[in-house]
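Me: I'm new to this structure and would like to go through it piece by piece. Can you take my questions as they come?

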Protein chains: 4
Amino acid sequence: MSKQKNMSTNAVLLMHCPDQPGIIAVVTDFINVNGGNILYLDQHVDREEHVFFMRVEWDLTHFSIPKEKIEDYFNTLYGQKYNMSFNLYFSDTMPRMAIFVSKMSHCLYDMLARYTAGEWNVEIPLIISNHPDLATVAERFNIDYHIFPINKENKVEQEAAELTLLEKYNIDFIVLARYMQVVSADFIGHYPNRIINIHHSFLPAFVGAKPYHAAFERGVKLIGATSHYVTTDLDAGPIIEQDITRISHKDTVSNLVHKGQDLEKIVLSRAVEKHIERKILVYKNKTVVFN
Amino acid sequence: MSKQKNMSTNAVLLMHCPDQPGIIAVVTDFINVNGGNILYLDQHVDREEHVFFMRVEWDLTHFSIPKEKIEDYFNTLYGQKYNMSFNLYFSDTMPRMAIFVSKMSHCLYDMLARYTAGEWNVEIPLIISNHPDLATVAERFNIDYHIFPINKENKVEQEAAELTLLEKYNIDFIVLARYMQVVSADFIGHYPNRIINIHHSFLPAFVGAKPYHAAFERGVKLIGATSHYVTTDLDAGPIIEQDITRISHKDTVSNLVHKGQDLEKIVLSRAVEKHIERKILVYKNKTVVFN
Amino acid sequence: MSKQKNMSTNAVLLMHCPDQPGIIAVVTDFINVNGGNILYLDQHVDREEHVFFMRVEWDLTHFSIPKEKIEDYFNTLYGQKYNMSFNLYFSDTMPRMAIFVSKMSHCLYDMLARYTAGEWNVEIPLIISNHPDLATVAERFNIDYHIFPINKENKVEQEAAELTLLEKYNIDFIVLARYMQVVSADFIGHYPNRIINIHHSFLPAFVGAKPYHAAFERGVKLIGATSHYVTTDLDAGPIIEQDITRISHKDTVSNLVHKGQDLEKIVLSRAVEKHIERKILVYKNKTVVFN
Amino acid sequence: MSKQKNMSTNAVLLMHCPDQPGIIAVVTDFINVNGGNILYLDQHVDREEHVFFMRVEWDLTHFSIPKEKIEDYFNTLYGQKYNMSFNLYFSDTMPRMAIFVSKMSHCLYDMLARYTAGEWNVEIPLIISNHPDLATVAERFNIDYHIFPINKENKVEQEAAELTLLEKYNIDFIVLARYMQVVSADFIGHYPNRIINIHHSFLPAFVGAKPYHAAFERGVKLIGATSHYVTTDLDAGPIIEQDITRISHKDTVSNLVHKGQDLEKIVLSRAVEKHIERKILVYKNKTVVFN
């Protein structure tokens, strides 16, 4: 679904290809020559893998190629020639995001506060949960809330129902906001690199359940949170953002949980924002996160 | 060996015992009643384990119990009654520290700069290495440098020779400053909780060799360094201090190593300083690090 | 107004006095001898000013002195003798907090999310604003919202009306959550060290209006936020908490504002939490913030 | 003076000009077409000032334009046409750095340790001081050490003598490493944007003398250090790098100084490294610091 945010529309090109001389030139020429005004350009060359990555954003106001033909032209002119993988996005099309929650509200509130304040160019039409607890939060913000309790017996069936609902709502990507169920490989397959999770540790330390307890046991002096795209390997997908906070011997597990919550919500929101802004490229289980 | 730093001498008591009402009172009374002037007091109660930890430091100038009898008196009056484990230190006795190095100089230089500037109340009479590379550094600072090359065949023998040398130099504790050999269980047994190592990752992530390469592979957005007491479990001993620095997709492994070195030397020096100041208590593979 | 949070009630004593031997002992004895169970003790001696600060919290379940008499007994026995300044609080009495806002919602949402989740032992019955914009936020959380538009002519009158309302709601302390009006000296006089403000810079840098613009002009590489008690000197009151985030030449003023908002809400919420937990002592325009 | 570091030589172009379409293309084309291999490219557009900044580094091995003619060709072809300000550097020419010190050694040691370890592509042939204290440090590293005591009467004369010496040693830039004298406007005029200073506060807070004492008075919860190019306004020149560390009520001024020293040396060394790597562009009293 599209919603116009302002008069002018921007195009965003996210691409990668084998590194060769002249790529920046051909892409910027393509834009300039056709009347586009470049608003943003960031590039990176991985000199080990010899891969070139770029994100370029331009104003389409005077761009002579019609929106619906840009992808085709670009692919024909350069895409195949340079063996490029690319995605093209337009600012007048807002991504549609669903949030999965269980019982903890802190990440959910942080995202809904930003959404309500108009900080994010996104639509959040749907919240899914395996518990009824956060229905009142969804209600405060007038967002549809659907409950799918999960157990060993009904998991496959419930995930299928969730997928149907996500499709009905035209969801582009999913955010697991301290959602306590592990999503299946099949589910993930429907949203590759489009499910963002927050794990309450500094990955790869303390994967799996109860990382705060594990951190407490180990006697670490810092705790962390990590947001990443979900893959079939638990807590092993491409990392988008991480941060830490200092703790000491004075902190009980309860303190770690409490301090950790501030981290979790900030780290998750930063990752979601980068995704919404089309500033993340995934390559070989790692991310290039543009500025 | 003792060296008098200033006219007045302080006593430092580091203790722990089962938590009971009145411990702070009895210890502070003991000091006050006998003419001591308390300069520092920090305490912590682990309410899960019901253990009480305390560090108290006092000026002995007008203290009526002679230095050499304090331990005895204290143990008789309170030690046994409260089931205390404690250590008593005096500021006019400087700990003697040996540094083990391999080829990297950054941690060594950082410690020697502080030592030379008089920042640390310590003696550093000996540097041991498995390579000759850093002999010139030792020479710049007029510190004895002994080389013990290590391989599978000679390791037991070399460690025995090192232990003999350490004893000859009256070494109290050892700092492994990016020393690349793994010390044996027997060696560790001679210096329990008295060997400080710097590991170039945020433990427990990336234990063992090449943590920067592993961090690079995983695509983390932060790298860390950890200083800890060495135990027989590799990189699993009680953590003293940790810190991190931010990295991005732009950082090659070489960048990680470079940025990591600043972390390593600061984290190691902070840990060594806390050890010298008698501000670390080890309990169940974790540390209480007093302010 | 009181609201019982759990079965047992704790007492919190926050005190300072001229440093002398034996204070910790007399206070802990007072608690122990009368059947109290110490849950928390932290103390600090300012050796320049020779002032002793302490916060001690104990379980009153078996405490033999009735709640309403503790202050009196304590003062008679020790307060005068040691020349103590102290405050006594009980955990079954929740402080009542009013929030002042203008148009920005991020700090308000952060605090209300924590409040709703039961994180804070506080009552928030009232939100005051000089604009109508955030009325819907208050409504989402069922909190009374009163609008007092301020201009040069009506300021004195409006502040008087606000004070009347605050008194009617039994407000104990006030949080200015990016409230854009400067409160008068008279107003402050009604709530000494009981008005917490968030200033969007790292004080004392960039006091007053538009600190992000000033930071941008100066070309700093870090921006900060500071929470402090409001005094009659603008942005000069005792600092409670500060934090920073890194910026670069790539950040426009708009980016600084955006990044700054995450800082502001976290820094303000940390300060408010410490205040609610009775963990702040103000002394000579500085704060002792207990752990 | 030149010293060859490795077989291949790189060229580094640092430039800025009014923003226009096509600049990246013309510069990269210039390099590619003439056989250069681009190793590094980073650019930034200041959309408020409409200024384009770029740093590009390329391998000259197969570059067809002789080193000594590149500047001329580039200027003729593009420099004037695009109204560019640019500097061209070659990796086989190491900048020559002088360090000014007074009595504190921590920054000096940090830089000399990196220098000795071969981390920096620089020559450090000269240390100047207004005191004799650090002569032994210079001696340890075999660097010439010249003493110029400064007072009101001799300052002009001494600065003139220093400038003569700096010229004799062919010094390209100067680092003030906790040098306690204020350098004159005339002196600065000889090395515009080529004198790096470390100020022991988070500028613009606490300019001038005794910032730690001022920070202590204000009761801040963080202290900082700032490295910047020296201009005629004291502590007001373009900032290169800043960082902070956390403090609390427990920290005396002496603690602040001690914790601050770790900051100072790291912040100064980072700035010096960026300067050596030709990664800093100064524009309107601010810096663009390339990655």
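Reply: Asn130(C) sits in the loop between strand E6 (123-129) and helix H4 (135-140) of chain C. Helices (H or I, at least four residues) and strands (E, at least two) are DSSP runs, numbered from the N terminus. This is a predicted model, in which local features need pLDDT of at least 70 and side-chain atom pairs count only at pLDDT 80 or more, while totals for chains, interfaces and linings use all residues. Residues are numbered from 1 along each chain as its sequence is written, chains are lettered from A and ligands numbered from 1 in the order in which they are written, and side-chain values use heavy atoms, with hydrogens and water left out.

Me: Is Asn130(C) buried or exposed?

Reply: Asn130(C) counts as buried because its relative accessibility is 8%. Buried means under 20% relative accessible area, exposed over 50%, and partly exposed in between (1.4 Å probe, protein chains only).

Me: Which side chain does the side chain of Asn130(C) make a polar contact with?

Reply: That of Ser102(C), at 2.9 Å. A polar contact is a pair of N or O atoms within 3.5 Å; within protein, one must be able to donate a hydrogen and the other to accept it, and residues adjacent in sequence count only if both atoms are side-chain atoms.

Me: What else does Asn130(C) touch?

Reply: Leaving out residues up to four places away in sequence, its contacts (heavy atoms within 4.5 Å) include Val101(C), Phe148(C), Pro149(C) and Tyr179(C).

Me: New topic. What rotation superposes chain B on chain D?

Reply: One of 180 degrees, with 0.0 Å of shift along its axis and an RMSD of 0.0 Å. That is the relation of a two-fold axis.

Me: Which C-alpha of chain B is nearest the axis?

Reply: That of Arg140(B), 2.5 Å from the axis. Both copies use the same surface, as 100% of the contact residues of chain B recur in chain D.

Me: How much area do chain B and chain D bury between them?

Reply: About 1,700 Å², 49% of it on carbon and sulfur atoms. Buried area is the accessible area (1.4 Å probe) that two parts lose on being put together, summed over both. Tyr109(B), Arg140(B) and His258(B) supply 31% of what chain B buries against chain D, more than any other three residues.

Me: How many salt bridges cross that interface?

Reply: The rule finds four between chain B and chain D; a salt bridge is a side-chain nitrogen of Lys or Arg within 4 Å of a carboxyl oxygen of Asp or Glu. One of them joins the side chains of Asp262(B) and Arg114(D) (2.7 Å, N to O).

Me: Which elements of chain B give two or more residues to that side?

Reply: Helix H3 (106-116) and helix H8 (253-276) of chain B. The largest share, six residues, comes from H8(B).

Me: Now the backbone. Where is there a cis peptide bond in chain A?

Reply: From Leu203(A) to Pro204(A), with omega near 5 degrees. Pro204(A) lies in the loop between strand E9 (195-199) and helix H7 (211-218) of chain A.

Me: And what is phi of His50(C)?

Reply: Near 55 degrees, a positive value in a residue other than glycine. His50(C) is exposed, at 52% relative accessible area.

How values were computed: Least-squares fit on C-alpha atoms with pLDDT ≥ 70 in both.
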